[in-house]
Amino acid sequence: MGGREVLGGAPTTNTTPQVLCRRAIGHLPLLLAGAALLAAAPRLSAALPAPANRLVANGLLRELAALGVSAPAVAVACWAAAVAAWAYAVSRPRPVYLVDLSGYVAGEAHEASRAKTIAHFGRCGRFSDESMAFQKRMLERSGLGERTHFPASLISVPVDMCLRTAREESHAVIFGVVEDVLRRAAVAAADVGVLIFNSSLLSTTPSFTSLIANRYGMRDDVVSHNLSGMGCSAGIIAIDLAKRLLQVHPDTYALVVSTENITLNAYMGNNRPMLVTNTLFRVGGAAILLSNRAADRSRAKYQLIHTVRTHRGAHDQSFGCVTQEEDDAGCVGVSLSKELMLVAGEALRTNITTLGPLVLPMSEQLRFLATVVLNRVFRANVRAYLPDFKLAFDHFCIHAGGRGVLDELERSLKLSAWHMEPSRMTLCRFGNTSSSSLWYELAYSEAKGRIRKGDRVWQIAFGSGFKCNSAVWKALRTVDGGEEGNPWTPELDVLPIHVPKVSPVDETTYTFPDGATYKVSVAG
């Protein structure tokens, strides 16, 4: 016969599954307590003397018997509790931790002052006097300093732009940062389960992910993605992709490598919109090691909180503002349109409209909502309220695309010179290193001892297409300033430095090894 239950004072022996489930649900709190007690039984036995164990068990059994709850009902409740716990655990997103990062610093032989840059551009014989004068003016207003890096191919006489030298440049950057980040994190390459590489303008065969897997003997089942053509925002795209992959590949590491190749993408023509990139882009790269392993939380630097991606490629003006193309003479380069700042502003507004509700305090959200309602419902001509993101973030890493980009973001987001310092110093010291610039900026904040446990960091990147992408990180521990291997550590004592709006270039400060000099013609 089935178990006995008292319903409305009348005994019954109905033990069908439906009845058992109803009984279990009706007494769920008590049953869950019983399940918890059963789960904790080994520890209770160790902690309590035998008489106490018997008292607890007998008391629970008496309560169950008084309610007429049968053993099958207890089993059903325990099973339901286990299923619910399993479903909750499975549905929760896995935390993604940033274990460590590395930024590339080229050797002294690759350092190029602004005078050296102009001299080599002039001596290569590819530019008109007007183009040289234009590049000099742009360089004087660029915000770049005197120690940015060029690949050997562009500061040799004559220039040596070919696939071989392009690969030499990329290999030096990739191997440098990958080996450094794996060493610092004490992680073997064979433990990496996800590998993502991004370089917008150079995509070789075999791919760079295959190059890394071959060089470091990665395992056969490593999940690899090689991203190209995604512009300066590709670093955040790679982080977002890694985050998604780490949700489905448990207990592993993801290695993200971000760089750009300069050798084959310097422009050697005389189209002004395509000359701007010559004065901004420099050699650089970064490697970021992510993990979803619970054991890595205690040593990780950051936890990834949000990624928000905005793609305005459906709009013609956005799609065409940054394009790789040929000029009339057949020279290939990247053209920047005059609408770039307008397009970037629209992309940023779209991005922060999505990001804001995730990070801003309620007071800021209500103020923003109030202006939207006044304008759209009551047709009031009220200026849209731009929330104060300083209430949500402690540190800002804004893509060092150029002085104009940084000036506009500083004004729009109402940031202080302190908030902009990592981006401005990155532009000055390393130039625009494309997708890796965000990591030099984060490394700067670390080197300066700014990162404290609990701080929130906002990374903002812009890229062709047109895209604006954000990543939000939370510091899991205080990061000590001046860590070994940080690209900024050797220069901490002299930074920050003042970067004037216009800094004249004196060509006489550089002389070629053969004693020759170069002077830009005043014409043009």
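**Aromatic pairs, strands and helix contacts in a predicted model**

Me: Is the pair of Phe175 and Tyr216 stacked or edge-to-face?
Reply: The rule gives 15 aromatic pairs. For Phe175 and Tyr216 the ring centres are 6.2 Å apart and the planes stand at 80°, so the pair is edge-to-face.

Me: How many residues apart in sequence are the parts that Phe175 and Tyr216 tie together?
Reply: Helices (H or I, at least four residues) and strands (E, at least two) are DSSP runs, numbered from the N terminus. Both Phe175 and Tyr216 are buried, where buried means under 20% relative accessible area, exposed over 50% and partly exposed in between (1.4 Å probe, protein chains only). Since Phe175 belongs to helix α8 and Tyr216 to helix α9 (residues 208-216), the pair ties together parts whose separation in sequence is 41 residues.

Me: Is the pair of Phe389 and Phe393 stacked or edge-to-face?
Reply: Phe389 is buried at a relative accessible area of 1%, and Phe393 is buried at 2%. Their ring centres lie 6.3 Å apart with planes at 10°, so the pair is stacked.

Me: How many residues of strand β8 are buried?
Reply: In a regular strand, side chains alternate between the two faces of the sheet. In β8 (residues 253-259), Tyr253, Leu255, Val257 and Thr259 point one way, while Ala254, Val256 and Ser258 point the other way, and all are buried. The count of buried residues in β8 is thus 7 of 7.

Me: Which residue in β9 is the bridge partner of Val257?
Reply: Strands pair if DSSP finds at least two bridges between them. Strand β6 (residues 192-198) runs parallel to β8 with 6 bridges, and Leu195 stands opposite Leu255. Strand β9 (residues 285-291) pairs with β8 in the antiparallel sense over 7 bridges. The partner of Val257 in β9 is Ala287.

Me: At what angle do the axes of α16 and α17 cross?
Reply: Axes are lines fitted to C-alpha atoms, for helices over the stretch in contact, and angles run from 0 to 180 degrees between N-to-C directions. The axes of α16 (residues 417-430) and α17 (residues 437-447) come within 9 Å and cross at roughly 115°.

Me: Where is Ser434 found?
Reply: Phi of Ser434 is near 65°, a positive value in a residue other than glycine. Ser434 is buried, with a relative accessible area of 2%. Its place is the loop between α16 and α17.

Me: Is Arg379 buried or exposed?
Reply: Arg379, which is not a glycine, has a positive phi of about 55°. Arg379 lies in the loop between α14 (362-376) and β13 (395-398). With a relative accessibility of 70%, Arg379 counts as exposed.

Me: What is omega for the peptide bond from Val157 to Pro158?
Reply: Pro158 lies in the loop between β5 (148-149) and α8 (163-185). The bond from Val157 to Pro158 is cis, with omega near -5°.

Note on methods. Residues are numbered from 1 along each chain as its sequence is written. Side-chain values use heavy atoms; hydrogens and water are left out. Rings of Phe, Tyr and Trp (its six-membered ring) pair if their centres lie within 6.5 Å; planes under 30 degrees apart count as stacked, over 60 as edge-to-face and the rest as tilted.
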